[in-house]
Amino acid sequence: MTRSEALSAEHLAACRARLDCRLPQVDGVFADCLREAIAVLTPAGVDAYLDCARFLGRIGRGAEPLLAFLEEWPAVAGSVGEGTLPVVVATLQRLHRSPNGKAIAPFLQSLAAVSRRLAAGGQLQRYLDLTLRLMEQTSGSIHGIHKTFASPCLPDFLVHAPTLLASLSIAGLTNWVDYGVRNYAAHPERQRDYFRLQSADSRAVFQRERHGTLLVDHERLLDLYLRGLWGEQALLVPYAVASEAANPASPMPPAQPYDDAGGIRLPDVLDDACGVSGIDRYRAALAHIAGHRRWSTPLVADNLSPMQRLAVETFEDSRIDTLIVRRYPGMRRIFRALHPRPVAGACDPQRFSCLRHRLAVLSRALLDGEDGDADGDLREFVARFRQALADGEASSQAMAGLALAYVARTRRQSDQLPEVYFSDTLVDYRDDNRHLWRFHELSDDEEMFAEHRPASASAEIDCLPPRHYPEWDHHSQSYRPDWVSLYESLHPSGDAALIDRLLDRHATLARRLKRLLDILKPQERVRLRFQEDGSELDVDVAVRSLIDCRCGVTPDPRINMSHRSNGRNLAVLLLLDLSASLADKFGSGDGEQTVLELSQEAVSLLAWSIDQLGDPFAIAGFHSDTRHDVRYLHLKGSSEPWGDAVKRRLAAMQAGYSTRIGAALRHAAHYLAASRAEKKLLLVLTDGRPSDVDVSDGRLLIEDARKAVGELDRQGIFSYCISLDAKADEYVGHIFGHHYSVIDRIERLPQRLPELFMALTR
Amino acid sequence: MTDSEQYQVRQEPFYRQQGNEVALYAAAYAARLPVMVKGPTGCGKSRFIEYMAWKLDRPLITVACNEDMTASDLVGRYLLEAGGTRWLDGPLTTAARIGAICYLDEIVEARQDTTVVIHPLTDHRRTLPLDKKGELLRAHADFQLVISYNPGYQSLMKDLKESTKQRFTAFDFDYPEAELEATILASESGIDHALATQLVAVAAAARRLKGHGLDEGVSTRLLVYAATLIRNGVAAGDACRMALVRPITDDRDIRDTLEHAIDAIFACG
């Protein structure tokens, strides 16, 4: 302070003159800012500070950028060093020269918060580069030479940057920004939503890039923990902590875990803290809740003041932790690491209400099991607590008695003060103990409305809820999480006679197929000869061995035979592309037919053939109308017999919409994967390249389909494509590898399809 | 004739009674009723039978069944010799001849057509037709048939036929109560009781996960292994990992949970 006090009036006037601007708003704050700057910066740094301020005052953007800089820079320099000013100035100049001048103020306003997060060397530079790159990529131009339109998202991005960086590393932030730019470059409105963290996929990508332990990724592990170590089960429901974590100065304390009828609520993400990994923090929270479930009994709350309740909860929590540690001694290390260490006497009873603080000190002492240099009351209550738990588990009631005595003994007038001392008093693995209290009288300060909400009229459910599938984005080599919504339903029915007529038309073909099928039909038992151990004596070989034996030659001991069953163990799913191109016609004059009719014939024949063989066989169709509406229609279930119900559905097949094949493949795979058959075959019958109306990049869906086929492969599902598109060679090989056939003469499809199937499964 | 001495159980096997199963078994044997023992793997089924054979002073012939086992593996077969063929009794036939207890372990592993050969031995006939040899063997008066099976990993393919099941009286075994199991561990391996209790707590955690990724919980047998390792100077955490966790699972989540349980119980984390 000595240096700032030394700031003379002349010096101040000289510095003010260097700014060379007459904005009246500056006068009010300049002296204070300059004092702070002189306190933090070197003299050279102060010079640079004034130069930059002068530049900002003269760019004609009003007082806002200048004020932001004057106020924020000393703090920024405090966290990243004043040597970073030149690169910041360079960034400001770039912003100024582009049409994005409006972003200068938000840039400077968020800079202090951002630089606190990026204090480590070089990270700020990466943030600045990222900002400039975002600006370049999203500023529009009309004639393609000069950027003439401001980036729609840049100011929003800069405003949200501190929030984002609270949860993302700079690398994660880069990925998040790249994703937004890639997908919404041509759509200013959606771009803005994305960078304001308002659109669904913006949040999804944000979640994916977060650091820390996500609850969704470890739900099973925690469920196993709860079952295995505690014999409890509960639904684990995440609640969002991002908004609180983003703002360290938030007046609200972060939400605590809690346990209610809807399940155990836990934070959606936990970072490692105090040397305890995120997963162990979850386990500590679960252990504490499970401990309450096991050992706590509810108490009547009406007669107790809030402060008394707080004390009862503290004693009860300590009892639970003690019992947990007794049962699982290894938890002591985790609890001790996570429990705050309030310093006795840190709270000034003249200014604050100290009860919370006193209880935290007590709770720490009970957990540590050592009194140290505690005062008399504390020591006495620690001893009484131990006494209560010395033989047995004590009870919630006993703890309540102890707590009330404690509150009565240590009460101070200042406990009624409105300012509560909160530092180091929140034990974040403990829940909020809402299960501990019963209220006899309904009062209006409890949230009673939550339970009596009238059930909303349930909408008529005509299809299953959508399933979400990711889609592969080959530009970024990453999945777009939950990108496609897929609805499944039963295919509507038509007239079965149509299919029978079609089958009749191919009667000769059916006869030919039948001969082939008979060869393929599984032979149940196969004889294995020449076995040393077998179920039966193979007389021929035995006699030969006996002759050898009599001749004094070493006999062949493999004189038994046994049987092996040779069943086909195969599950087949035929996936039909029902997109609009199916309605195309070919042929001419009387012979004119649509591809749809031919597909119906071919599928009917194939279904009939497979039915003869007895393999489990399912048929499904799909089409799509943007990523929000992919339809998956069941035509035949795998255990459903080939009969009129199936024929009716086949007869009603319609062509429409587009071909978003990746999601359909993934959904089909989900059914096949559930089958217990040894071999799983997915046949895809399609007539064109993957496409959809909301995708302009032709390669995107092809690459996604290729990725989906790879996923199927890893699940042990063999996929095979039959394409009716004469130009399919360009892409189908890329998707399916060698596993495809292109049928050029489309009218031969009814014959080729069953033949292909038989060749595949021979 | 077969030497029945070799099948005799000479030393008293360690067995701690869980209920009144010893008396019940003795009663079943007195009436020569066939016995089935059910229960998860490693809970002491085989040990119980061995103990009863010792207590009743009967020879014990044990056959571990597998899916390649055929009827002739049980009954017997002709072997080729220089001078012709020679009949060799299978274990079941031997037991019926000498009056032993024949114990078919994990009977469901054998193919169903194999298990039918025991049928005539298990009802009032108490005979075993040796059709290849043309002999109808009448079982020795002291002969008894015992089978074990583990209903835990029933697959659709592997279950006993109803006609087989209904020929047996049955004992249902389970892992012993925690206190008893700790006693068993302590006397079996020689570790102290407190440590044994901790090991049993680890097993309890694993057994609660059955059906959630574990097909079977940690068996008493594995606990004895762990205890033996600890007694021989291995650190408790390592012994548990080696004997209790790694053998039963490859599932990462389950392994993490169990390892956490070990750390929490032994406080070595």
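Author: Ala394(A) counts as buried because 20 C-beta neighbours lie inside 10 Å of it. The term rests on a count of other C-beta atoms, placed from the backbone, within 10 Å of a residue's own: 20 or more make it buried, 12 or fewer exposed, and any number in between partly exposed. The model is a predicted one, in which local features need pLDDT of at least 70 and side-chain atom pairs count only at pLDDT 80 or more, while totals for chains, interfaces and linings use all residues. Residues are numbered from 1 along each chain as its sequence is written, and chains are lettered from A and ligands numbered from 1 in the order in which they are written.

Ala394(A) is found in the loop between α19 (376-390) and α20 (396-410) of chain A. Helices (H or I, at least four residues) and strands (E, at least two) are DSSP runs, numbered from the N terminus. Although Ala394(A) is not a glycine, its phi is positive, near 55°. Leu197(A), likewise no glycine, has a positive phi of about 65°. Its loop runs between α11 (188-195) and α12 (200-209) of chain A. Leu197(A) counts as partly exposed because 17 C-beta neighbours lie inside 10 Å of it.

Which residues of helix α4 of chain A are buried? They are Tyr49(A), Ala53(A), Leu56(A) and Gly57(A). These residues cover an arc of only 95° around the axis, so they lie on the same side of α4(A); the arc is that of the directions from the helix axis to the C-beta atoms. They pack against α2 (9-19), α3 (24-40) and α5 (64-80) of chain A. The 15 residues of α4(A), 43-57, should span 21 Å at 1.5 Å a residue, and the end C-alpha atoms are 21 Å apart, which agrees. The expected span is 1.5 Å times one less than the number of residues.

Chain A also holds an open sheet of 8 strands with mixed pairing, in the order β8-β9-β17-β16-β13-β18-β19-β20. At its edges stand β8 (467-473) and β20 (740-742) of chain A, each of which pairs on one side only. Two strands are said to pair if DSSP finds at least two bridges between them. Ignoring direction, neighbouring strands of this sheet are turned by 25° against each other on average. Such angles run from 0 to 180 degrees between N-to-C directions, the axes being lines fitted to C-alpha atoms, for helices over the stretch in contact.

Where the chains meet, 20 residues of chain A are in contact with 21 residues of chain B; contact requires that the C-beta atoms of two residues, placed from the backbone, lie within 7 Å. Two or more residues of the side of chain A that touches chain B come from each of α13 (219-230), α17 (331-338) and α23 (539-550) of chain A. The most, 7 residues, come from α13(A).

Chain B has 12 helices and 9 strands, and 40% of its 269 residues count as buried. It contains an open sheet of 5 strands with parallel pairing, ordered β2-β5-β8-β1-β9. The edge strands β2 (60-64) and β9 (169-172) of chain B have a single partner strand each, so one side of each is left without a neighbour in the sheet. The twist from one strand to the next averages 20°.

Within this sheet, β8(B) has 6 of its 6 residues buried. On one side these are Gln144(B), Val146(B) and Ser148(B), and on the other Leu145(B), Ile147(B) and Tyr149(B), so that both faces are covered. Strand β1(B), residues 35-38, pairs in parallel with β8(B), residues 144-149, over 4 bridges. Val37(B) stands opposite Ser148(B), and Met36(B) has Ile147(B) as its bridge partner. A parallel pairing of 4 bridges also joins β5(B) to β8(B), where Cys102(B) is partnered by Leu145(B). Helix α4 of chain B, residues 91-98, lies across β2(B) and β5(B), and runs at about 165° to β2(B).
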